[in-house]
Amino acid sequence: IQQSRTMPFTGREKEVFCQEPPCIGNPYLEDALLRDYLQSHLPTKVFAEVSSDLERFGARVKNEIDSLGRECELNPPRLQHFDAWGRRVDQIITCTAWKRMKEFSAEEGLVAEAYERRYSNWSRIYQIAKLFLFAPSSGLFSCPLAMTDGVAKVIESLGVPKLLEDVYARLTSRDPGQFWTSGQWMTERRGGSDVGNGTETVAQPLLDGTYSLHGLKWFTSATDSDVALTLARILAADGQVEQGSKGLSLFYLKVRDAEGKLNKIEIHRLKDKLGTRQLPTAELFLDGAKALRISAEGRGVATIAHMLTITRIHNAIGAVAFMRRMIHMARDYVTKREAFGKLLKDHPLHTQTLARMEVQTRGVFLLLMEMGRLLGLEETEKATVQDQHMLRLLTPVVKLYTGKQAVAVISEGLECFGGQGFMEDTGLTTLARDAQVFTIWEGTTNILSLDVLRSIAKSGGKVLDAFFSTAQAKLEVALGAPELEPSVQTVQKALHKLRLFTREMGLKGEEGMQLSARDFAYTLARIYGGVLLLEHAARPSASATDIFTAQRWCQQDLCLVDREDKAGSYSPAAASLDHALVFGG
Ligand code: UCC
Ligand code: FAD
């Protein structure tokens, strides 16, 4: 045996192997599906302009924004209650990178683009594509942008009243010096889902026509924002308030005055959160905050619903964008990491794992873009009644389904890096911690499933008619391609079963319908995801990968309600067995 000159693991030998880390590239150039989608849907001239801007912006995300996003994670906001001289200041201190994000957002028109409508109905798709590239690198600045967009939408829906002209202009400004962001304060201690019963905040009418708000808001994200919308009950002259949802009105307020003093608001504390740590989320005590009522009395929930549509779509942007980022990182890593004598990319089982993540991500990406397409049509008054029904029905479906899939795919993604996927300093864990919130805020999975039922009831079933006819029309396009025919038939069968289920749904009673709500929403997501993948795969320029993706998606259980209904899961007997199972000790 020959003795080596130096002992292994002594001196410099310790540093012999260092794994090359995964890197992000230009997220636009790396995303063939995004580019294909835009090229297929946008008019040629619009695509040329949008594509060149997204390529430029993608480079900016890679070279400039991504590291700032990481800085936001490493320098979370903190709350300073008192200044050096004991004065109560309640100052939220954010890092420079967070402030830079606000400037970038204005410069890049991340909200403005949707309201300038330079590209008519395509502007929403363009804005969504841009936010999609931005979100995973944004240090969660995507959150205040979502709410800012939502408030601009509410103001627009009110016809931009004179008193709100300035704030509307600021929320949609491209000038960093003018640009304002907004918060959305809906949640109180008694309830964030059941806002109608959980809201205790009262609004005292003042002589000048404004109100002073008194109450405690339990979750308020992006609390460093300039303005906010919030709900409260108007105090009648006899000191009474109307309870329930019908007692809620919507208010607009400025968080601070021109000198930077809080508008009779105390910031109790910043939340200590599992994720989204870059983002300040506070508990606020409203101690007479001056506010403007912007809805009719008692129409608070219905008015803020315009905002919920927008923020829920933004939630889906974040969820799908995080999935895409995780896959891109994992895809890069397999070209650098070796195991058992070869690169990970040469282990078919590992590639299969990535392929399954990719199928899920592609399906939900098309669901997201469909929301952008429908919203763009609605905002430019080009939407048919059917399009409007689809927008209403699919908003909760897409929010809840993308949120859940993000958690699943991102968790799988962490495993793709082995032990390194569990290490804080890789930055990968941030995606996992932050993704968890996509299922909770802006309505939990169950609440959104019930919102799907609400949309059906409110429309007298018309949203479902729109679903069936839109899905059928899109499938007809795909029927021409022989490779797609078996998958088209699978989706058609699922649609048939769903139709049968919906015919019987009313007979299940209130509880039976509620028990089916989650499976029902998943069924809509899976069927419509399949429809969109098939439509995409039926384009003349479609690739073999597009076809394969559609086929794989359609191999899932598409009609969950059929399976579960046959198993009796929505019956009173099942509900009582569920109860016994959970509480039986
Ligand atoms: O979590 C929050 C912010 C986090 C940060 C933002 C991040 C964004 C993404 C970032 C990505 C990185 S803010 C808090 C969000 N909170 C929620 O989402 C609340 C969840 N709960 C619900 O959604 C409930 O379903 C409620 C509060 C809407 C239920 O209220 P009600 O009052 O019991 O509901 P009603 O009585 O059924 O509805 C009242 C009115 C009706 O209209 P009218 O009176 O004309 O019949 C409904 O049709 O509101 C209408 N409505 C809707 N309209 C209710 N929901 C909707 C809807 N979704 N769309 C249209
Ligand atoms: P609950 O309503 O108590 O729900 C608890 C559980 O019960 C959930 O699983 C829910 O699905 C289930 N449930 C409730 N009702 C039903 C039902 N009828 N049927 C079946 N299941 C049901 N809110 C704001 O207003 N502004 C913000 O800026 C904001 N930022 C946030 C930031 C973060 C990081 C987080 C985590 C939350 C934030 N929220 C904000 C609050 C968020 O919107 C609420 O937490 C959420 O809507 C759920 O409300 P809740 O916490 O009261 O849960």
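A polar contact is a pair of N or O atoms within 3.5 Å; inside the protein, one atom must be able to donate a hydrogen and the other to accept it, and residues adjacent in sequence count only if both atoms are side-chain atoms. Here's one to start with: an oxygen atom of ligand 2 sits 2.6 Å from a polar backbone atom of glycine 192.

What you're looking at is a predicted model, where local features need pLDDT of at least 70 and side-chain atom pairs count only at pLDDT 80 or more, while totals for chains, interfaces and linings use all residues. Residues are numbered from 1 along each chain as its sequence is written, chains are lettered from A and ligands numbered from 1 in the order in which they are written, and side-chain values use heavy atoms, with hydrogens and water left out.

**Around ligand 2**

- Ligand 2 has 21 residues around it (a residue counts as near if one of its heavy atoms lies within 4 Å).
- The closest of them are Thr187, Gly192, Ser193, Ser221 and Thr444.
- Threonine 187 brings a polar side-chain atom to 2.7 Å from a nitrogen atom of ligand 2.
- Threonine 444 has a polar side-chain atom 2.6 Å from an oxygen atom of ligand 2.
- On its own, ligand 2 has 970 Å² of accessible area (Shrake-Rupley method, 1.4 Å probe), and the protein covers 65% of it.
- Strand E3 (182–185), strand E5 (211–221) and helix H13 (445–458) are the elements that give two or more residues to this shell; helices (H or I, at least four residues) and strands (E, at least two) are DSSP runs, numbered from the N terminus.
- The shell splits into eight nonpolar, 11 polar and two charged residues; Ala, Val, Leu, Ile, Met, Phe, Trp, Tyr, Cys and Pro count as nonpolar, Asp, Glu, Lys and Arg as charged, and the others, Gly among them, as polar.

**Around ligand 1**

- Ligand 1 is surrounded by 28 residues, and the closest are Ser193, Ser245, Arg299, Arg312 and Arg454.
- Glutamate 442 puts a backbone N or O atom 3.0 Å from an oxygen atom of ligand 1.
- Lysine 458 has a polar side-chain atom 3.0 Å from an oxygen atom of ligand 1.
- Alone, ligand 1 exposes 1200 Å², and the protein buries 81% of that.
- Which element gives the most to the shell around ligand 1? That's H9, with eight residues.
- By class, this shell has 12 nonpolar, nine polar and seven charged residues.

**Domains**

- Domain 1 (181–299) and domain 2 (445–583) each give at least three residues to the shell around ligand 2; the bounds come from an automatic or database domain assignment.
- For the shell around ligand 1, domain 1 and domain 2 each supply at least three residues.
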